[in-house]
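Have the viewer open and follow along.

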Amino acid sequence: MDENKSKTIAYGILRALGILGGIILILWFLYQIQAVIMFICIAAVISLIGRPIVNFLKYNLKFSATAASITTLLLVVLLISGILALFIPILIDQSDHISRINFEEVKHNVNRLNIEFSRTLGVDQVTLIEGFKQSDFIKNFDISVIPTFINGILGNFSSMVVGLLSVIFISFFLLKDSHLLLDSILVFANYGEETRFRRVFHKTKLLLSRYFLGILLQLSILFCFYSILLVSFQIPNPFAIALFCAMLNVVPYIGPVVGSLVMMLLVISGYFTADFQEVILPKMLYVLIGYIIAQLIDNFILQPLIFGSSVKSHPLEIFLVIVIAGLIFGIFGMVIAVPVYTALKVIASEFLSEYKIVQKLTKNL
(Lines give C-alpha, C1' and ligand atoms only; values in the text may rest on other atoms or scores of the structure.)
Protein backbone atom coordinates (compact mmCIF):
# COMPACT_ATOMS: atom_id res chain seq x y z
CA MET A 1 0.00 0.00 0.00
CA ASP A 2 2.84 2.37 0.93
CA GLU A 3 4.61 1.44 -2.30
CA ASN A 4 1.55 2.37 -4.37
CA LYS A 5 1.22 5.64 -2.48
CA SER A 6 4.89 6.47 -3.15
CA LYS A 7 4.42 5.73 -6.84
CA THR A 8 1.36 7.99 -6.94
CA ILE A 9 3.26 10.83 -5.24
CA ALA A 10 6.26 10.35 -7.55
CA TYR A 11 3.97 10.30 -10.59
CA GLY A 12 2.25 13.49 -9.39
CA ILE A 13 5.58 15.24 -8.90
CA LEU A 14 6.85 14.16 -12.32
CA ARG A 15 3.57 15.25 -13.94
CA ALA A 16 3.74 18.66 -12.23
CA LEU A 17 7.38 19.09 -13.32
CA GLY A 18 6.41 18.06 -16.86
CA ILE A 19 3.57 20.63 -16.95
CA LEU A 20 5.88 23.32 -15.54
CA GLY A 21 8.55 22.46 -18.09
CA GLY A 22 5.96 22.56 -20.87
CA ILE A 23 4.75 26.00 -19.76
CA ILE A 24 8.32 27.32 -19.62
CA LEU A 25 9.03 25.88 -23.07
CA ILE A 26 5.87 27.48 -24.51
CA LEU A 27 6.73 30.86 -22.94
CA TRP A 28 10.28 30.62 -24.30
CA PHE A 29 8.93 29.79 -27.75
CA LEU A 30 6.46 32.70 -27.65
CA TYR A 31 9.29 35.01 -26.60
CA GLN A 32 11.41 33.86 -29.54
CA ILE A 33 8.61 34.50 -32.05
CA GLN A 34 7.37 37.75 -30.51
CA ALA A 35 7.96 39.57 -33.80
CA VAL A 36 5.65 37.13 -35.61
CA ILE A 37 3.01 37.55 -32.88
CA MET A 38 3.24 41.32 -33.30
CA PHE A 39 2.77 40.96 -37.09
CA ILE A 40 -0.32 38.80 -36.52
CA CYS A 41 -1.76 41.31 -34.02
CA ILE A 42 -1.24 44.23 -36.42
CA ALA A 43 -2.75 42.20 -39.27
CA ALA A 44 -5.72 41.33 -37.03
CA VAL A 45 -6.31 45.04 -36.31
CA ILE A 46 -6.15 45.82 -40.04
CA SER A 47 -8.61 43.00 -40.75
CA LEU A 48 -10.99 44.29 -38.07
CA ILE A 49 -10.89 47.81 -39.52
CA GLY A 50 -11.07 46.56 -43.11
CA ARG A 51 -13.86 44.02 -42.54
CA PRO A 52 -16.71 46.54 -43.16
CA ILE A 53 -15.04 47.58 -46.44
CA VAL A 54 -14.65 43.96 -47.54
CA ASN A 55 -18.29 43.22 -46.69
CA PHE A 56 -19.45 46.31 -48.59
CA LEU A 57 -17.44 45.34 -51.68
CA LYS A 58 -18.61 41.71 -51.52
CA TYR A 59 -22.31 42.17 -50.84
CA ASN A 60 -23.05 45.58 -52.40
CA LEU A 61 -20.65 45.71 -55.36
CA LYS A 62 -20.52 41.92 -55.87
CA PHE A 63 -16.72 41.66 -55.61
CA SER A 64 -15.19 38.24 -55.08
CA ALA A 65 -13.57 37.60 -51.69
CA THR A 66 -10.10 37.84 -53.26
CA ALA A 67 -10.84 41.06 -55.16
CA ALA A 68 -12.46 42.67 -52.11
CA SER A 69 -9.49 41.78 -49.91
CA ILE A 70 -6.93 43.05 -52.43
CA THR A 71 -8.88 46.29 -52.90
CA THR A 72 -9.08 46.85 -49.14
CA LEU A 73 -5.35 46.22 -48.73
CA LEU A 74 -4.60 48.62 -51.59
CA LEU A 75 -6.61 51.29 -49.76
CA VAL A 76 -4.59 50.60 -46.58
CA VAL A 77 -1.30 50.81 -48.51
CA LEU A 78 -2.41 54.06 -50.17
CA LEU A 79 -3.32 55.47 -46.76
CA ILE A 80 0.11 54.55 -45.34
CA SER A 81 1.81 55.95 -48.45
CA GLY A 82 -0.14 59.18 -48.09
CA ILE A 83 0.95 59.48 -44.45
CA LEU A 84 4.60 58.91 -45.40
CA ALA A 85 4.28 61.39 -48.25
CA LEU A 86 3.42 64.09 -45.72
CA PHE A 87 6.72 63.56 -43.87
CA ILE A 88 9.09 63.00 -46.82
CA PRO A 89 9.07 66.67 -47.93
CA ILE A 90 9.87 67.70 -44.34
CA LEU A 91 12.85 65.32 -44.22
CA ILE A 92 14.12 66.60 -47.58
CA ASP A 93 13.59 70.21 -46.52
CA GLN A 94 15.35 69.66 -43.19
CA SER A 95 18.26 67.88 -44.91
CA ASP A 96 18.66 70.87 -47.22
CA HIS A 97 18.58 73.24 -44.25
CA ILE A 98 21.17 71.19 -42.36
CA SER A 99 23.53 71.27 -45.34
CA ARG A 100 23.36 75.09 -45.38
CA ILE A 101 23.55 75.75 -41.65
CA ASN A 102 25.67 78.66 -40.51
CA PHE A 103 26.63 77.50 -37.03
CA GLU A 104 27.78 80.94 -35.92
CA GLU A 105 24.36 82.32 -36.83
CA VAL A 106 22.69 79.43 -35.00
CA LYS A 107 24.75 80.20 -31.91
CA HIS A 108 23.76 83.86 -32.12
CA ASN A 109 20.04 83.02 -32.57
CA VAL A 110 20.02 80.53 -29.69
CA ASN A 111 21.58 83.05 -27.34
CA ARG A 112 19.19 85.76 -28.58
CA LEU A 113 16.18 83.49 -27.96
CA ASN A 114 17.58 82.68 -24.54
CA ILE A 115 17.89 86.36 -23.67
CA GLU A 116 14.36 87.18 -24.90
CA PHE A 117 12.86 84.13 -23.19
CA SER A 118 14.61 84.96 -19.90
CA ARG A 119 13.55 88.62 -20.13
CA THR A 120 9.92 87.65 -20.83
CA LEU A 121 9.73 85.23 -17.88
CA GLY A 122 11.83 87.43 -15.59
CA VAL A 123 14.43 84.75 -14.80
CA ASP A 124 18.23 84.76 -14.84
CA GLN A 125 19.85 84.22 -18.21
CA VAL A 126 21.53 80.92 -18.91
CA THR A 127 24.34 80.55 -21.40
CA LEU A 128 22.93 77.61 -23.35
CA ILE A 129 25.91 77.02 -25.60
CA GLU A 130 28.40 76.95 -22.73
CA GLY A 131 26.11 74.76 -20.67
CA PHE A 132 25.78 72.34 -23.57
CA LYS A 133 29.56 72.23 -24.01
CA GLN A 134 30.04 71.40 -20.33
CA SER A 135 27.42 68.65 -20.32
CA ASP A 136 28.45 65.05 -19.66
CA PHE A 137 27.06 64.04 -23.06
CA ILE A 138 29.49 66.27 -24.98
CA LYS A 139 32.46 65.46 -22.74
CA ASN A 140 31.98 61.70 -23.03
CA PHE A 141 30.79 61.61 -26.64
CA ASP A 142 32.44 58.84 -28.67
CA ILE A 143 32.65 59.52 -32.43
CA SER A 144 32.69 55.75 -33.13
CA VAL A 145 28.99 55.50 -32.25
CA ILE A 146 28.04 57.31 -35.48
CA PRO A 147 28.80 54.38 -37.87
CA THR A 148 27.08 52.01 -35.43
CA PHE A 149 24.05 54.29 -35.34
CA ILE A 150 23.88 54.45 -39.15
CA ASN A 151 24.19 50.64 -39.44
CA GLY A 152 21.42 50.28 -36.87
CA ILE A 153 19.14 52.57 -38.91
CA LEU A 154 19.80 50.56 -42.08
CA GLY A 155 19.19 47.27 -40.25
CA ASN A 156 15.94 48.57 -38.75
CA PHE A 157 14.82 49.82 -42.16
CA SER A 158 15.29 46.39 -43.73
CA SER A 159 13.48 44.76 -40.79
CA MET A 160 10.66 47.27 -41.20
CA VAL A 161 10.27 46.37 -44.89
CA VAL A 162 10.15 42.64 -44.05
CA GLY A 163 7.65 43.33 -41.27
CA LEU A 164 5.44 45.44 -43.56
CA LEU A 165 5.35 42.74 -46.23
CA SER A 166 4.56 40.11 -43.58
CA VAL A 167 1.70 42.18 -42.17
CA ILE A 168 0.23 42.73 -45.66
CA PHE A 169 0.49 39.01 -46.46
CA ILE A 170 -1.19 37.94 -43.19
CA SER A 171 -3.83 40.67 -43.49
CA PHE A 172 -4.80 39.46 -46.96
CA PHE A 173 -5.66 35.97 -45.73
CA LEU A 174 -7.44 37.24 -42.62
CA LEU A 175 -9.58 39.49 -44.82
CA LYS A 176 -10.15 36.86 -47.51
CA ASP A 177 -10.85 33.91 -45.20
CA SER A 178 -12.85 35.37 -42.32
CA HIS A 179 -13.16 31.93 -40.71
CA LEU A 180 -9.39 31.37 -40.66
CA LEU A 181 -8.83 32.96 -37.27
CA LEU A 182 -11.97 31.37 -35.84
CA ASP A 183 -10.87 27.89 -36.97
CA SER A 184 -7.51 28.47 -35.27
CA ILE A 185 -9.25 29.36 -32.01
CA LEU A 186 -11.68 26.43 -32.18
CA VAL A 187 -8.72 24.04 -32.05
CA PHE A 188 -8.47 24.83 -28.31
CA ALA A 189 -12.20 24.21 -27.65
CA ASN A 190 -13.38 20.99 -26.05
CA TYR A 191 -15.95 18.94 -27.92
CA GLY A 192 -19.38 20.44 -27.34
CA GLU A 193 -18.07 23.94 -26.48
CA GLU A 194 -17.51 25.14 -30.06
CA THR A 195 -20.72 27.18 -29.96
CA ARG A 196 -19.61 29.13 -26.90
CA PHE A 197 -16.21 29.82 -28.49
CA ARG A 198 -17.95 31.05 -31.65
CA ARG A 199 -20.13 33.44 -29.61
CA VAL A 200 -17.08 34.83 -27.83
CA PHE A 201 -15.19 35.24 -31.09
CA HIS A 202 -17.99 37.01 -32.98
CA LYS A 203 -18.90 39.30 -30.08
CA THR A 204 -15.24 40.24 -29.50
CA LYS A 205 -14.70 40.83 -33.21
CA LEU A 206 -17.76 43.10 -33.38
CA LEU A 207 -16.78 45.17 -30.33
CA LEU A 208 -13.13 45.52 -31.34
CA SER A 209 -14.07 46.39 -34.91
CA ARG A 210 -16.27 49.20 -33.59
CA TYR A 211 -13.51 50.29 -31.21
CA PHE A 212 -10.76 50.53 -33.85
CA LEU A 213 -13.10 52.26 -36.30
CA GLY A 214 -13.96 54.69 -33.50
CA ILE A 215 -10.28 55.34 -32.84
CA LEU A 216 -9.76 55.95 -36.57
CA LEU A 217 -12.66 58.42 -36.56
CA GLN A 218 -11.28 60.12 -33.44
CA LEU A 219 -7.83 60.58 -34.99
CA SER A 220 -9.36 61.85 -38.24
CA ILE A 221 -11.39 64.50 -36.41
CA LEU A 222 -8.36 65.61 -34.38
CA PHE A 223 -6.23 65.69 -37.54
CA CYS A 224 -8.76 67.98 -39.25
CA PHE A 225 -9.01 70.24 -36.18
CA TYR A 226 -5.23 70.51 -35.77
CA SER A 227 -4.76 71.12 -39.50
CA ILE A 228 -7.27 74.00 -39.49
CA LEU A 229 -5.62 75.42 -36.36
CA LEU A 230 -2.07 75.30 -37.76
CA VAL A 231 -3.05 76.55 -41.23
CA SER A 232 -4.95 79.46 -39.64
CA PHE A 233 -1.78 80.63 -37.88
CA GLN A 234 0.44 79.88 -40.91
CA ILE A 235 2.59 77.29 -39.14
CA PRO A 236 5.02 75.55 -41.57
CA ASN A 237 4.22 71.91 -42.49
CA PRO A 238 0.79 72.03 -40.81
CA PHE A 239 -0.58 68.71 -42.09
CA ALA A 240 2.44 66.63 -41.04
CA ILE A 241 2.45 68.22 -37.58
CA ALA A 242 -1.33 67.73 -37.25
CA LEU A 243 -1.10 64.07 -38.25
CA PHE A 244 1.80 63.34 -35.88
CA CYS A 245 0.10 65.02 -32.91
CA ALA A 246 -3.21 63.30 -33.68
CA MET A 247 -1.53 59.89 -33.81
CA LEU A 248 -0.01 60.51 -30.38
CA ASN A 249 -3.57 60.38 -29.01
CA VAL A 250 -3.41 56.60 -29.44
CA VAL A 251 -1.48 56.63 -26.15
CA PRO A 252 -4.13 57.60 -23.56
CA TYR A 253 -3.48 60.59 -21.25
CA ILE A 254 0.29 60.75 -21.93
CA GLY A 255 -0.02 61.11 -25.72
CA PRO A 256 -1.93 64.43 -25.67
CA VAL A 257 0.60 65.94 -23.23
CA VAL A 258 3.52 64.89 -25.44
CA GLY A 259 1.59 66.13 -28.48
CA SER A 260 1.22 69.61 -26.97
CA LEU A 261 4.97 69.80 -26.27
CA VAL A 262 5.82 68.59 -29.78
CA MET A 263 3.45 71.12 -31.35
CA MET A 264 4.94 73.99 -29.32
CA LEU A 265 8.50 72.98 -30.25
CA LEU A 266 7.60 72.76 -33.93
CA VAL A 267 5.94 76.17 -33.79
CA ILE A 268 9.16 77.59 -32.33
CA SER A 269 11.31 75.82 -34.94
CA GLY A 270 9.12 77.19 -37.74
CA TYR A 271 9.80 80.77 -36.60
CA PHE A 272 13.27 80.31 -35.18
CA THR A 273 14.62 83.64 -36.48
CA ALA A 274 11.52 85.70 -35.66
CA ASP A 275 11.08 88.01 -32.66
CA PHE A 276 10.15 85.97 -29.57
CA GLN A 277 7.78 88.43 -27.86
CA GLU A 278 6.02 89.76 -30.96
CA VAL A 279 5.80 86.60 -33.13
CA ILE A 280 6.77 83.33 -31.43
CA LEU A 281 5.09 83.77 -28.03
CA PRO A 282 1.67 84.92 -29.39
CA LYS A 283 1.58 82.08 -31.92
CA MET A 284 2.50 79.56 -29.21
CA LEU A 285 -0.31 80.83 -26.95
CA TYR A 286 -2.95 80.82 -29.70
CA VAL A 287 -1.96 77.34 -30.91
CA LEU A 288 -1.89 76.04 -27.33
CA ILE A 289 -5.38 77.41 -26.65
CA GLY A 290 -6.66 75.74 -29.83
CA TYR A 291 -4.95 72.49 -28.84
CA ILE A 292 -6.57 72.57 -25.39
CA ILE A 293 -10.02 73.18 -26.95
CA ALA A 294 -9.48 70.16 -29.24
CA GLN A 295 -8.53 68.01 -26.26
CA LEU A 296 -11.60 69.13 -24.30
CA ILE A 297 -13.81 68.16 -27.25
CA ASP A 298 -12.00 64.83 -27.46
CA ASN A 299 -12.21 64.08 -23.73
CA PHE A 300 -15.82 65.10 -23.15
CA ILE A 301 -17.45 64.23 -26.49
CA LEU A 302 -15.41 61.93 -28.72
CA GLN A 303 -13.99 59.48 -26.16
CA PRO A 304 -17.27 58.90 -24.24
CA LEU A 305 -19.01 58.19 -27.54
CA ILE A 306 -16.28 55.79 -28.67
CA PHE A 307 -15.92 53.91 -25.38
CA GLY A 308 -19.62 53.97 -24.58
CA SER A 309 -20.89 52.66 -27.92
CA SER A 310 -18.00 50.41 -28.94
CA VAL A 311 -16.58 48.60 -25.90
CA LYS A 312 -19.62 49.07 -23.61
CA SER A 313 -17.56 50.25 -20.64
CA HIS A 314 -17.91 53.15 -18.21
CA PRO A 315 -15.29 55.95 -18.62
CA LEU A 316 -14.11 55.47 -15.00
CA GLU A 317 -13.73 51.75 -15.64
CA ILE A 318 -11.65 52.48 -18.75
CA PHE A 319 -9.53 55.02 -16.85
CA LEU A 320 -8.66 52.53 -14.11
CA VAL A 321 -7.86 49.79 -16.64
CA ILE A 322 -5.52 52.10 -18.60
CA VAL A 323 -3.75 53.34 -15.46
CA ILE A 324 -3.22 49.81 -14.11
CA ALA A 325 -1.99 48.56 -17.49
CA GLY A 326 0.38 51.53 -17.72
CA LEU A 327 1.83 50.87 -14.25
CA ILE A 328 2.44 47.19 -15.08
CA PHE A 329 3.38 47.23 -18.77
CA GLY A 330 4.26 50.86 -19.49
CA ILE A 331 3.25 52.77 -22.63
CA PHE A 332 2.56 49.59 -24.61
CA GLY A 333 0.18 48.43 -21.88
CA MET A 334 -1.75 51.70 -22.05
CA VAL A 335 -2.19 51.32 -25.82
CA ILE A 336 -3.54 47.75 -25.71
CA ALA A 337 -5.40 48.05 -22.38
CA VAL A 338 -8.87 48.75 -23.78
CA PRO A 339 -9.00 46.07 -26.53
CA VAL A 340 -7.49 43.39 -24.24
CA TYR A 341 -9.88 44.31 -21.41
CA THR A 342 -12.82 44.17 -23.82
CA ALA A 343 -11.84 40.69 -25.00
CA LEU A 344 -11.43 39.50 -21.40
CA LYS A 345 -14.89 40.87 -20.51
CA VAL A 346 -16.49 38.95 -23.37
CA ILE A 347 -14.70 35.74 -22.35
CA ALA A 348 -15.71 36.22 -18.71
CA SER A 349 -19.34 36.88 -19.64
CA GLU A 350 -19.49 33.55 -21.49
CA PHE A 351 -17.50 31.27 -19.18
CA LEU A 352 -17.72 32.94 -15.73
CA SER A 353 -21.21 34.42 -15.80
CA GLU A 354 -22.18 32.78 -12.46
CA TYR A 355 -20.00 35.26 -10.51
CA LYS A 356 -21.64 38.48 -9.34
CA ILE A 357 -18.67 40.73 -10.18
CA VAL A 358 -18.62 39.36 -13.75
CA GLN A 359 -22.37 39.98 -14.07
CA LYS A 360 -21.87 43.56 -12.88
CA LEU A 361 -18.99 44.31 -15.27
CA THR A 362 -20.58 42.64 -18.30
CA LYS A 363 -24.23 43.64 -17.91
CA ASN A 364 -24.05 45.97 -20.95
CA LEU A 365 -22.43 43.48 -23.30
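Is Leu 327 buried or exposed? Leu 327 is exposed, because its relative accessible area of 72% is over the 50% cut-off. Keep in mind that this is a predicted model.

## Overall fold

Buried residues account for 30% of the 365 in the chain.

As for contacts, take the ones between residues at least 6 apart in sequence: 62% of them join residues at least 24 apart. Ile 83 belongs to helix H3, residues 65–99, and is partly exposed at a relative accessible area of 25%.

## The surface and its nonpolar patch

The chain exposes about 23900 Å², with carbon and sulfur atoms supplying 73% of that. There's also a nonpolar surface patch of about 1200 Å², and its members include Tyr 253, Ile 254, Val 258, Phe 319, Leu 327 and Phe 329.

Two helices, H11 (254–270) and H13 (315–351), each put at least two residues into the patch. H13 gives the most, with nine residues. Leu 327, the residue we opened with, is found in H13.

## Nonpolar cores

Now for the inside. The largest nonpolar core holds 19 residues, and those touching the most other members are Tyr 226, Leu 230, Ile 235, Ile 241, Cys 245, Met 263 and Val 287. Helices H9 (194–232), H10 (238–247), H11 and H12 (276–311) each contribute at least two residues to this core. The largest share comes from H12, with five residues.

Which residues does Ile 241 touch, not counting residues up to four places away in sequence? With those set aside, Ile 241 touches Leu 230, Ile 235, Pro 236, Met 263 and Leu 266. There's also a second, separate core of 17 residues, and Tyr 211, Val 311, Val 321 and Val 338 are among them.

## Salt bridges

The structure holds three salt bridges. Glu 350 pairs with Arg 196, the closest N and O atoms being 3.4 Å apart. That pair links distant parts of the chain, with Glu 350 in helix H13 and Arg 196 in helix H9, 154 residues apart. Glu 350 also meets Arg 199 in a salt bridge, at 2.6 Å from N to O. Here too distant parts of the chain are linked: Arg 199 is in helix H9, 151 residues from Glu 350 in helix H13. Put together, Arg 196, Arg 199 and Glu 350 are linked in a network of salt bridges.

How exposed are the partners? Glu 350 counts as buried because its relative accessibility is 14%, under the 20% cut-off. Arg 196 is partly exposed, with a relative accessible area of 27%, and Arg 199 is partly exposed at 43%.

Another salt bridge joins the side chains of Glu 317 and Lys 345, at 3.4 Å from N to O. Are its two ends buried or exposed? Glu 317 counts as buried at 17% relative accessibility, and Lys 345 is buried with a relative accessible area of 4%.

Technical notes
Residues are numbered from 1 along each chain as its sequence is written. This is a predicted model: local features need pLDDT of at least 70, side-chain atom pairs count only at pLDDT 80 or more; totals for chains, interfaces and linings use all residues. Side-chain values use heavy atoms; hydrogens and water are left out. Buried means under 20% relative accessible area, exposed over 50%, partly exposed in between (1.4 Å probe, protein chains only). Contact means heavy atoms within 4.5 Å. Accessible areas come from the Shrake-Rupley method with a 1.4 Å probe; for residues, only the protein chains shown count as cover. Patches are made of residues with over 30% relative accessible area and no salt bridge: like charges are joined within 9 Å, nonpolar side chains (Val, Leu, Ile, Met, Phe, Trp, Tyr) within 5 Å. A salt bridge is a side-chain nitrogen of Lys or Arg within 4 Å of a carboxyl oxygen of Asp or Glu. Helices (H or I, at least four residues) and strands (E, at least two) are DSSP runs, numbered from the N terminus. A nonpolar core is a set of buried Ala, Val, Leu, Ile, Met, Phe, Trp, Tyr and Cys residues joined through side-chain atoms within 4.5 Å.
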